[in-house]
Amino acid sequence: MLRQWSVQAPGEPEPEPTGEELWEQEMERLCSSQEPVRVLPYAMVDKRFIRQLREPEGVKTSCWQQWRHRQQTARRRLGEAARRLARGCGLWEGALYEIGGLFGTGIQSYFTFLRFLLLLNLLTLLLTTSFVLLPLTWLSPPDRGPALNFTLQCPGGHQPQTGVPKFNNLLWNVFTSRAFNNTFLFYGTYRAGPESSSVYSIRLAYFLSPLACLLLCFCGILQRMVKGLPQKMFLGQDYRSPLSAKVFSSWDFCIQGQEAATIKKHEISNEFKVELEEGRHLLMVQHQTRAQRACHLLTYLRVNILIGLLVVGAISAIFWATKYSQDNKEESLFLLLQYLPPGVIALVNFLGPLLFVFLVQLENYPPNTEVNLTLIWCVVLKLASLGMFCFSLGQTVLCIGRNKTSCESYGYNACDYQCWEDSVGEELYKLSIFNFLLMVAFTFLVSLPRRLLVERFSGRFWAWLDREEFLLPKNVLDIVEGQTVTWMGLFYCPLLPLLNSIFIFLTFYIKKYTLLRNCRASPRPFRASSSIFFFQLVLILGLLLAAAPLGYVVSSIRSSWDCGLFTNYSAPWQVVPELVALRLPPPSQRILHYLGSHAFRFPLLILLSLVLTVCVSQSQASARAIRGLRKQLVWQVQEKWHLVDDLSRLLPEPGSGDSLGPESSHSRGSRPRSLCPGFPCPGSPGPRPPRPEPSLEDPAGLRGAPVPIRRCRFPSGSEL
């Protein structure tokens, strides 16, 4: 297209480009741009027109480019189809949508968390089956052979226990794990020949599979934790999303069914409750005086000291219960002592939060403070209970901190536990079983009768009792406790993730029934991002709690003499240097030896320190840039409002005689053309006319300058 150039006198300002010129400039930019057509903000008709402009009739692309374009299109469509199929066939999609609409995204995040834990357990089970069970079955492990001849020097002529008292009740044997003693559920059943007799090392696979599972779980939790970070951590404490955006853009006009419309109404209502609750809490914090803050701080200290003493007492009770159950295994007390430690742990975790709430309510705290303080101490109590349970088992079985004759010779209490790995695995198995049975019993023996009584009877007492409240933090801590026990038992019970997967699958439906039938939603709504971040934080603490004793056992504790894969090793870790000496050539061994030496660790530490310093500096620079862009965005919005105000003052009244009218030739010529409504927007490429110099009569420099009307589309949720 030919352009007409007019002769311009020197000193005269450049004429303002017309709408036709702006349109041509935009066409040139689109034709020369390498941006994919599918991401352009235009209609399909305009996208086809742009594609024709980029590929004229006289120019044909090569066969390679056409084939590559078709392959990219096919892969993109296949990926989109796979994602739609995964969403359609996803586990519990319909149930999650219903729960999220009726009870909010916070409650929905708990059930999504259950699905995430189920996937983690299935992944762990897949790794264990692929690298340990299938090769072990394929290689047909050798016979057990004759027992090792060694004499235990037990005090007082005490002989090693050959087994626990046997009962003929099959159900009780399942609950006490005695029905699975000769299966692959426990460590003692796994056997293998010498390392030099097989190409594939079962011992190395058994040693690395729990560590690999914990590492994969840690990466998955960390990724999900980063995605669930609250938005306020990046946007600042003063950021408030406008309620007008939720009012005018929350409804989905594609909804047709009455049930879907009801769920959507509940979802929007829950979002408003979350916003209003956060706003009320923020105002309450801002209006506190210094004296009130000092009083609250002193009250916090007093209540935290009292709750800390309760936690110490609960941990001591767990320690003595575990020690007593392991030291006394007589026939008369065996039935009672089998589940004494899990019962004490469950009792402590049930009574502890009630006492915490009672102490906090005595100080007349606000509801948010009460929930947060109780939640923190509940997390501490749960994790400390499991930690003390592991320590008490280690003191009894491995003689940690105790002096015994059998421990001095063999590294563990060989007089009472010939296969101590199976004993620890049995305790973790019983703890997992007991947690699930307790949840089922509480649902159908407490929550269900309470709901039936409240619905049947009327009165002041029943109105005060009401239905059970679905406490989101309590349910999360219960499921995290079960998952932590599963991670602790990866080395002693390799198939414990299978059992936990079944429990999580059943827990989803039991909790859904409890939520829909027996419980009422919590009056304090939870935001989904905050809930997900809290779930992953507690879960990663449980993972670290499970990894610490496992790392200590595989690196420092003597394995059992008469069972398992590591009977001839001082510790399971010793299989790694043995395989390195057998399978790797001398140059590779020297390289590995150098990687484990101090000559490599110190330079690596210095390099990591430099990289960390660079990352911190880059993050700080990015934070400053984000703050500057946020200020610039606010300034641009204010400038648009000033331009709108100036334009409203400059435009003549509709009834005046000198009005050009909306359809005058000058108005049509000054309004730019565009491919679709919304072009051009402020900030789009293209030259802008210079503004006139400001004067005393016209400080803004707007008089005499034509101001084109520009229409822009703003994303939903933005606020001018």
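The structure is a predicted model, in which local features need a pLDDT of at least 70, side-chain atom pairs count only at pLDDT 80 or more, and totals for chains, interfaces and linings use all residues. Residues are numbered from 1 along each chain as its sequence is written, and side-chain values use heavy atoms, with hydrogens and water left out.

The protein has 24 helices and two strands, where helices (H or I, at least four residues) and strands (E, at least two) are DSSP runs numbered from the N terminus. Of its 720 residues, 35% are buried; here buried means under 20% relative accessible area, exposed means over 50%, and partly exposed lies in between, with a 1.4 Å probe and protein chains only. If we take the contacts (heavy atoms within 4.5 Å) between residues at least 6 apart in sequence, 75% of them join residues at least 24 apart.

A nonpolar core is a set of buried Ala, Val, Leu, Ile, Met, Phe, Trp, Tyr and Cys residues joined through side-chain atoms within 4.5 Å. The largest such core holds 108 residues, and the members that touch the most others are Tyr110, Phe111, Phe113, Trp420, Trp487 and Phe566. Helix 5, which covers residues 105–138, gives the most to this core, with 14 residues. A second, separate core has six residues, among them Trp23, Met27, Leu40 and Ile50. To return to Trp487, its contacts, leaving aside neighbours within four places in sequence, are Leu120, Leu214, Cys217, Ile221, Leu539, Gly542, Leu543 and Ala546.

How do helix 5 and helix 18 pack, and at what angle? Helix 5 and helix 18 (residues 472–488) pack at about 5°, with their axes 11 Å apart, where axes are lines fitted to C-alpha atoms, for helices over the stretch in contact, and angles run from 0 to 180 degrees between N-to-C directions. Angles under 35 degrees count as roughly parallel, over 145 as roughly antiparallel, 65 to 115 as roughly perpendicular and the rest as oblique, and helix 5 and helix 18 are therefore roughly parallel to each other. Among the residues that make this contact are Tyr110, Phe113 and Leu120 of helix 5 and Ile479, Gln483 and Trp487 of helix 18.

Helix 4 (residues 93–103) and helix 10 (residues 258–286) pack at an angle of about 50°, with axes 6 Å apart, which makes helix 4 oblique to helix 10. In this pair, Tyr97, Glu98, Gly100, Gly101, Leu102 and Phe103 of helix 4 meet Ala260, Ile263, His266, Glu267 and Asn270 of helix 10.

Tyr569 lies in the loop between helix 20 (528–556) and helix 21 (575–583), and Tyr569 is buried, with a relative accessible area of 10%. Not counting residues up to four places away in sequence, Tyr569 touches Glu195, Arg203, Arg558, Ser559, Gln574, Val575 and Glu578; Arg558 is eleven residues from Tyr569 in sequence, and their C-alpha atoms are 7.3 Å apart.

Arg38, in the loop between helix 1 (19–32) and helix 2 (44–54), is exposed, with a relative accessible area of 55%. With residues up to four places away in sequence not counted, Arg38 touches Lys47 and Arg76.

Asp466 is placed in the loop between helix 17 (460–465) and strand 1 (468–469), and at 30% relative accessibility Asp466 counts as partly exposed. Most residues other than glycine have a negative phi. The phi of Asp466, however, is near 55°, a positive value in a residue other than glycine.
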